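Thank you all for making the time this morning. I would like to walk through one model, moving from its contacts to its overall build and back to a few local details.

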Amino acid sequence: MTTMTTRCPHCKSMNRIPTERVNEVATCGACKDRLLDGMPIEGTTDNFLTLLQGDKPVVVDFWAPWCNPCVGFAPVFEDVAKERDGNVRFVKIDTEAQQALAAQYRIRSIPTIMVFKNGQLADTINGALPKSQFDQWLNQALTK
């Protein structure tokens with residue numbers, strides 16, 4: 001049985017999830033909150049490919065803690081993640097901590113937002129957007 005490790009978006013504890021159960025409702029072993037929906041998930045080299053293999057579209061925010069537009073966009077990303085809970089999975093990848101993923105996806109500017117459907121890249125946009133524009137772009141990207 002293979003597993004992926006993910007950090008709880010609520011209490012920040014690490015949790016191991018069997019990869020064949022990534023589409024089920026997973027809960028944190030420590031705080032019992034949901035792990036994979038409702039809030040952005042921390043993407044790492046260990047869990048990212050498994051998250052892309054799930055049955056839900058995945059929206060990825062490539063960001064860095066020193067980037068002011070990234071930090072300003074974070075509440076927008078979280079709000080939209082809460083609103084689309086259960087339908088779309090949201091992932092944040094810190095390009096400083098996950099340099100291999102940033103290189104693999106050729107991230108040249110941040111924030112860069114990517115949408116994946118069935119494990120395949122569907123659309124990309126660079127730069128922080130106001131919530132209404134982000135929602136509009138995301139609606140179009142999810143129909144591709």
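This is a predicted model: local features need pLDDT of at least 70, side-chain atom pairs count only at pLDDT 80 or more; totals for chains, interfaces and linings use all residues.

Let me begin at the end of the chain, where Lys144 forms a salt bridge with Asp123, the closest N and O atoms being 2.9 Å apart. Lys144 sits in the segment after α4 and Asp123 in strand β7, residues 120-126, so that this pair links distant parts of the chain, 21 residues apart.

Let me now step back to the chain as a whole. It contains four helices and seven strands, and, read along the sequence, these follow the pattern β-β-β-α-β-α-β-α-β-β-α. The radius of gyration is 14 Å, close to the 15 Å that the globule rule gives for 144 residues, so the chain is as compact as a globular protein of that length. Along the principal axes, the C-alpha atoms fill a box of roughly 35 × 30 × 25 Å. Of the 144 residues, 47% count as buried, and the accessible surface comes to about 7,400 Å², of which 48% belongs to carbon and sulfur atoms. If we take the contacts between residues at least 6 apart in sequence, 60% of them join residues at least 24 apart.

I would next like to look at helix α2, which covers residues 68-83. Its 16 residues reach 24 Å from the first C-alpha to the last, close to the 22 Å expected at 1.5 Å a residue. Where in α2 does the kink lie? It is at Ala74, shortly before the proline Pro75, and amounts to about 30 degrees. Ala74 is also one of the buried residues of this helix, together with Cys70, Phe73, Val76, Phe77, Val80 and Ala81. What covers these buried residues includes strands β4 (58-63), β5 (89-94) and β6 (112-117), as well as helix α4 (131-142). Asp79, which also lies in α2, is partly exposed, with a relative accessible area of 35%.

A word, too, on Thr44, which is placed in the loop between β3 and α1 (48-52). Thr44 counts as buried at 15% relative accessibility, and, leaving aside its neighbours within four places in sequence, it is in contact with Gln98 and Leu101.

Finally, some points of backbone geometry. Most residues other than glycine have a negative phi, and most peptide bonds are trans. Against that background, the bond joining Ile110 and Pro111 is a cis peptide bond, with omega at about -5 degrees, and Pro111 is found in the loop between α3 (99-104) and β6. That loop between α3 and β6 also holds Arg106, which is not a glycine and yet has a positive phi of about 55 degrees; Arg106 is exposed, with a relative accessible area of 63%. Phi is positive at Lys12 as well, near 70 degrees, and Lys12 is placed in the loop between β1 (3-7) and β2.

I will stop there and take your questions.

Conventions: Residues are numbered from 1 along each chain as its sequence is written. Side-chain values use heavy atoms; hydrogens and water are left out. Helices (H or I, at least four residues) and strands (E, at least two) are DSSP runs, numbered from the N terminus. The expected span of a helix is 1.5 Å times one less than its number of residues. The bend at a residue is the angle between axes fitted to the seven residues ending there and the seven starting there. Buried means under 20% relative accessible area, exposed over 50%, partly exposed in between (1.4 Å probe, protein chains only). Contact means heavy atoms within 4.5 Å. The radius of gyration is taken over C-alpha atoms; the globule rule is 2.2 Å times the number of residues to the power 0.38. Accessible areas come from the Shrake-Rupley method with a 1.4 Å probe; for residues, only the protein chains shown count as cover. A salt bridge is a side-chain nitrogen of Lys or Arg within 4 Å of a carboxyl oxygen of Asp or Glu.
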